[in-house]
Amino acid sequence: MTIILGIESSCDDTSAAIICDGVICSNVVASQLVQDRYGGVVPELASRAHQQNIIPVVDQALKKANITKEELSAIAFTRGPGLLGSLLVGTSFAKGFSTALDIPLIDVNHLQAHVLAHFIKEDTEDTSQPKFPFLCLLVSGGNSQIIRINDFEKMEIIGQTIDDAAGEAFDKCAKVMGLPYPGGPVVDKLAKQGDADKFKFNKPRIANYDYSFSGLKTSFLYFLRDELKKDADFIEKNKEDLCASLQKTIVDILMDKLRLAAKDTQINEIAVAGGVSANSGLRNAFVDHAQKFGWNIHIPKFAYTTDNAAMVAITGYYKFLENDFCDKSVVPYARTSI
Ligand code: KG4
């Protein structure tokens, strides 16, 4: 049996997971509540919290999976992209642990891991994984991309944002409305009680399969500024409708390009990944598209939408099968593509 320990520490979640022959055995995540007080992630604080969390989190992941460290086949860790100080904690731990156990070390690209999260099996009977080739809409706080996946290691970005990411659009617009960080989940919750057609915001005109969200952010800001001049309580009175209309606009922008890409490539195997894939409006849009256009959709479990080590472990598992290991002198990278 191939048993992989995955370690994720790219941003503000310290996570460890065990995957046995592609099947999830444990996935432990320690989220750093310390960041909430500052309205965003403070890199220095994030690194320190990873230092505190990493050993207990790995220990719990092993215990929950009922695995001893001597049974591990390899250790996979997130090498980047992410915050360098945070990545260094996971990288150093993984190097030390793999050296001590004398087992291979596997470096994992965080973006690739988000996509391959769709291959995590819940049990040995689970056959819900996407078939190659498939398209994946990767939407998070730092990315908005349409990726064509030809194989586990063969991925091609066919469209991406030229400025802000979709998650950033949610977070920044939420901030303007005085909502707490991260704004995405709060907007999602309030949107459920609002009228999505109450306000109209401009959609960008961008070529090909690329995205742009900075214009929406600015028009949202100016719209609120103008309305607040007329009524100081405008946001408070219209919070739900504003959230619903904003969410509808972001989801429409995302789906318009994805639909175009699916049509042009004639691929109807379509997945979504990344933090924003938790959004209920986006999930509903996927279900609608499946019905209207015959898409075979793949929506991740909530636990695999935000940062988690299960996706790192599954990526490590497929790299392990290819003997794709890394050297102990490997260093993390803050920025990289798929
Ligand atoms: O992938 P992720 O956990 O982290 C990185 O980007 O590294 O994504 C975080 C992003 C944030 O912008 C957050 O607001 C957004 O995902 N997000 C959501 C929802 N849950 C998380 N956006 C909209 N609706 C949600 N339910």
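Let me start with a hairpin: strands S7 and S8 form one, with five residues between them. Keep in mind that this is a predicted model.

Five strands make up an open sheet, and their order is S8-S7-S6-S9-S10, with mixed pairing. Which strands stand at the edges? They are strand S8, residues 155-160, and strand S10, residues 296-298; each has a single partner strand, so one side of each has no neighbour in the sheet. On average, neighbouring strands here are turned by 25° against each other, ignoring direction.

As a reminder, strands of a sheet pair through backbone hydrogen bonds, in either a parallel or an antiparallel way. The parallel sense is what we have between strand S9, residues 269-273, and S10, over three bridges. Glu269 stands opposite Asn296 in S10.

Helix H7, residues 234-265, lies across S6, S7, S8 and S9. Relative to S6, helix H7 runs at about 165°.

On to the aromatic residues. How many aromatic pairs does a search of the whole structure find? The count is 18. I will show two of them.

Phe134 belongs to strand S6, while Phe119 is in the loop between helix H3 (110-116) and strand S6 (134-139), so the pair ties together parts that are 15 residues apart in sequence. Phe119 and Phe134 are both buried.

The other is Phe201 with Phe223. Here the centres are 5.5 Å apart and the planes are at 80°, so the pair counts as edge-to-face. Phe201 sits in the loop between helix H5 (183-191) and helix H6 (214-230), and Phe223 sits in helix H6, so this contact ties together parts that are 22 residues apart in sequence. Is Phe201 buried or exposed? Its relative accessibility is 8%, and because the cut-off for buried is under 20%, Phe201 counts as buried.

Last item, a charge over a ring. Arg283 lies over the face of Phe302, at 4.0 Å from the ring centre. That is what I have for today.

Terms used. Residues are numbered from 1 along each chain as its sequence is written. This is a predicted model: local features need pLDDT of at least 70, side-chain atom pairs count only at pLDDT 80 or more; totals for chains, interfaces and linings use all residues. Side-chain values use heavy atoms; hydrogens and water are left out. Rings of Phe, Tyr and Trp (its six-membered ring) pair if their centres lie within 6.5 Å; planes under 30 degrees apart count as stacked, over 60 as edge-to-face and the rest as tilted. Helices (H or I, at least four residues) and strands (E, at least two) are DSSP runs, numbered from the N terminus. Buried means under 20% relative accessible area, exposed over 50%, partly exposed in between (1.4 Å probe, protein chains only). A charge sits over a ring if NZ of Lys or CZ of Arg is within 6 Å of the ring centre and within 35 degrees of the ring normal. Two strands pair if DSSP finds at least two bridges between them. Axes are lines fitted to C-alpha atoms, for helices over the stretch in contact, and angles run from 0 to 180 degrees between N-to-C directions. Contact means heavy atoms within 4.5 Å.
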